[in-house]
Amino acid sequence: MKKTVDPFLIGEHSIAPGTRRTVDLPVSVLSDHTPVTMSVHVLHGRRPGPVLFVSAAVHGDEVIGVEIARRILKAPQLEAPELEKLKGTLLVVPIVNAFGFLNHSRYLPDRRDLNRSFPGSQRGSLAGRLANLFMTEIVNRSDFGIDLHSAAIHRINLPQIRVSPSRPETLTLAKAFGAPVVLTSKLREGSMREAAQSKGTDVLVFEAGEGLRFDEMAIRAGVSGILRVMRSLKMLGAKGITRPKAPSILTKSSYWVRSPAGGLLRPFKYIGDVVEPQMLLGIVSDPFGENEREVIAEYGGLVIGRTNLPVVNEGDGLFHIADVSEKYDAELTLDSLVSQLEADPLFDEDEII
């Protein structure tokens, strides 16, 4: 692992051990001459340890991650005088895609998906240049990463970790995070996770909630999970960081149940529900109720994602179902998560929006 006892260098800045600072990395200039930067908050410990990055809003409309990043930066374990005990370095990038964030959009102004543009290029498109900056200044300086996402607009995800570990310790960190589900998923071409892994930096992808919305339980699960990963990496001590009450449900496969017709969806299942093979998930009907089509689960499993939009077209993804091993009690795991997050003393109820 990288040694962090020397000053931490990023961009043209040097951060002394035992300090924290926000660094603005130039990205571009808007057409009205307004500069755009990628802001990174650096917490540099006095003791040697790994470098971990936490990033959010790679898709500009996925705002849950921004709130998780804000709460991490306000966590008591990272405030003075506790900062003196930090081992290694934490890099927090609350908003990677500032263009999309300002426009409430998943994409960049040229409609490119930043998470399909990695590793990027200094001379490429705007997406390629931003991806290249992130790789150069963040990924290449890090040992591990946690990238925060939510479902797209009008969909919602159960809190889950997606991972494709190239090192055994990565799956250990995924389990330490304590999300209800850990899904081993293949790498997507052009994604940050693929580009980072090719450089030897494994990334945990946290998926929770929906676009342009806050979800308090999903936010708490993200904050608790990041602190647990930092504890697992020995960056932080155990004080104030709770352990999961139940193990994560491990799964290697999932599938989407798609709409059999266009119309209005009446769903009967929600994220976190356990379903059986051939179970009725919902009904799609026309506005007159003359034609109705049942939505049936082909295989059993756990609902980890769902559409929130009742107006659907034929072929739309309605329910995302993960295969669940028989040795897990999925309902018990989810109940334990909810009770733990509700009782977690780390969070101030006055902060809840």
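Why is helix 1 largely enclosed by the rest of the structure? Of its 10 residues, 9 are buried. The close-ups below come from a predicted model.

**View 1. Helix 1 and its buried residues.** Helix 1 spans residues 64–73. Its buried residues are I64, G65, V66, E67, I68, A69, R71, I72 and L73.

View 2. E67 pairs with R71 in a salt bridge, with the closest N and O atoms 2.8 Å apart. Both residues sit in helix 1, 4 residues apart, about one turn of the helix. An α-helix has 3.6 residues a turn, so residues three or four places apart point the same way. E67 and R71 are both buried.

**View 3. Helix 1 tied to helix 6.** R71 also meets E216 in a salt bridge, at 2.9 Å from N to O. R71 belongs to helix 1 and E216 to helix 6 (residues 216–232), so this pair ties together parts 145 residues apart in sequence. R71 and E216 are both buried. Through shared partners, salt bridges join E67, R70, R71, E216 and R220 into one network.

**View 4. The R46–E84 salt bridge.** The side chains of R46 and E84 meet at 2.5 Å, N to O. R46 lies in the loop between strand 4 (35–44) and strand 5 (47–56), and E84 in the loop between helix 1 and strand 6; the two are 38 residues apart. R46 is partly exposed, at 45% relative accessible area. E84 is partly exposed too, at 36%.

**View 5. A80 in its loop.** A80 sits in the loop between helix 1 and strand 6 (87–93). A80 is exposed, with 70% relative accessibility. R20 is 60 residues away from A80 in sequence, yet their C-alpha atoms are 9.9 Å apart.

**View 6. S105 and its contacts.** S105 is placed in the loop between helix 2 (98–102) and helix 3 (126–137). Its relative accessible area is 16%, under the 20% limit, so S105 counts as buried. Beyond its sequence neighbours up to four places away, S105 touches H59, G60, D61, G100 and R111.

**View 7. The largest pocket.** This pocket holds about 790 Å³ of space. It is lined by 28 residues, with R116, R162, R188, E207 and H320 closest to its centre. Elements that each supply at least two lining residues include strand 8 (155–163), helix 5 (192–198) and strand 10 (202–209).

**View 8. A nonpolar surface patch.** L264, L309 and V311 make a patch of about 230 Å². V311 lies in strand 18 (residues 311–312). V311 is exposed, at 52% relative accessibility.

Definitions and conventions: Residues numbered from 1 in each chain as written. Predicted model: local features only at pLDDT ≥ 70, side-chain atom pairs only at ≥ 80, totals over all residues. Heavy atoms only, no water. Buried < 20%, exposed > 50% of the residue type's maximum accessible area, 1.4 Å probe, protein only. Contact = heavy atoms within 4.5 Å. Patch = residues over 30% accessible without salt bridge, like charges linked within 9 Å, V, L, I, M, F, W, Y side chains within 5 Å. Areas by Shrake-Rupley, 256 points an atom, 1.4 Å probe, with all protein chains shown as cover. Salt bridge = Lys/Arg side-chain N within 4 Å of Asp/Glu carboxyl O. 1 Å grid on protein atoms, 1.4 Å probe; cavity = no way out; pocket = protein on both sides within 12 Å on 5 of 7 lines; lining within 4 Å. Points joined across faces, edges and corners; volume = space filled by probe spheres on them.
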